[in-house]
Amino acid sequence: MGFLLLGFPGPCSLQLLQAGILAAAYLAALVGNGLTITITSLDPGLHLPMYFFLRNICLISAVVPQAVTNSVTHCHSISFLGCVAQFFLVPFSAVAELSLFTVMSIDRYAAICHPLHYEAIMSRDTCVKMVTLSWLSSGFVCAMHTVSTFSFSYCGNRQIQQFFCDIPQLLAISCSQNVTAEVVLIFISAILDTGCFACIVVSYVFIFSTVRRIPSTAGRAKAYSTCLPHLAVVVLLLSTAFTAYLKPLLGSSSSTLLVLSVVYVVLPPSLNPVIYSLRKKTMKAGLEKLVTGKLLTKQYILLFLHKYSKSLSMFVHVPGCSKLACSCLRVPATLVLIAIQLE
């Protein structure tokens, strides 16, 4: 038995307008993140740690297609498995994004505060392991939340005051008496998120203290233009997410919760490509190469496949990834590489 997502209230015309806005934001995120991944993968000049991390924060909201479909068809039901998938994917994307933002702040700290040792500190092997740890830890935490929440009973009202399946709303309609385990998990997650934010803040305190000593005005402006948008997105993500999770406990209107949810679920995937990637001169130059077809030559594709195969080989040294699994992942890239070379 599934659930009923009440979503956005209002007449049909207003729901269609909301669906159009969500669809536009989703398409913008899809195009922007797709361009970022393509350009940073194919352009050899962008094979740097910063752009490697940018590729990993190219996330797409997993709940927007369902929300748009519900608004257009006026059918707000969702299957049990669909709800489980949404419940896992939304916090998984948010936690992974915060973890990667933390990694990016460490990268910027190393680049600005220790430029002479930057290549040694942020080696490719280190970058791959940091990103892998971010994804695996995020998946583990969110899997625990999912198993814990869906072990509860939902015996009566299955109407969710949200446009996707989220933790506070599911806890509100659960008829289980003891939800202590999930509350403890939420508390632990909040502590971990606060720790990530503290790490980001400390990194930027050192960064800004170093930037202030840069004699060149242009150099200071370049450093600030790189760091300040990063910090602004982190603050936006955390403040809206924390507020959205605390509001149901403190009591708030469903409209306010919906707006906050849109901000932290829909906006970051749309804004990330603009803030971090497409406004940079190097990315604009890469976009020009892509449009003119210079990045789609055999040379660039061979170089990308070679680096892809080399990156996968590093997973052999990552705990939890067997040699057999990594070999299977490397096979497609190797076959394509051989096929192109034989042309």
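Helix 4 supplies three residues, the largest share, to the lining of the second largest cavity. Here a cavity is a set of points on a 1 Å grid over the protein atoms alone where a 1.4 Å probe fits but cannot get out, and lining residues have an atom within 4 Å of a point. Helices are DSSP runs (H or I, at least four residues) numbered from the N terminus.

This is a predicted model, in which local features need pLDDT of at least 70 and side-chain atom pairs count only at pLDDT 80 or more, while totals for chains, interfaces and linings use all residues. Residues are numbered from 1 along each chain, and side-chain values use heavy atoms, leaving out hydrogens and water.

The whole structure holds four cavities of 30 Å³ or more. Here are two of them:

| Cavity | Volume | Lining by class |
|---|---|---|
| Largest cavity | About 140 Å³ | 10 nonpolar, three polar, one charged |
| Second largest cavity | About 100 Å³ | six nonpolar, two polar, four charged |

A volume is the space filled by probe spheres set on the points, which are joined across faces, edges and corners. Ala, Val, Leu, Ile, Met, Phe, Trp, Tyr, Cys and Pro count as nonpolar, Asp, Glu, Lys and Arg as charged, and the others as polar.

Among the residues lining the second largest cavity are Asp107, Arg108 and His230. In the largest cavity, helix 4 again gives the most, with five residues.

Now for some helix packing. The axes (lines fitted to C-alpha atoms over the stretch in contact) of helix 1 and helix 3 come within 9 Å and cross at roughly 155°. These two helices are therefore roughly antiparallel, a label for angles over 145 degrees.

How values were computed. Axes fitted to C-alpha atoms, helices over the stretch in contact; angles between N-to-C directions. Parallel < 35°, antiparallel > 145°, perpendicular 65-115°, else oblique. 1 Å grid on protein atoms, 1.4 Å probe; cavity = no way out; pocket = protein on both sides within 12 Å on 5 of 7 lines; lining within 4 Å.
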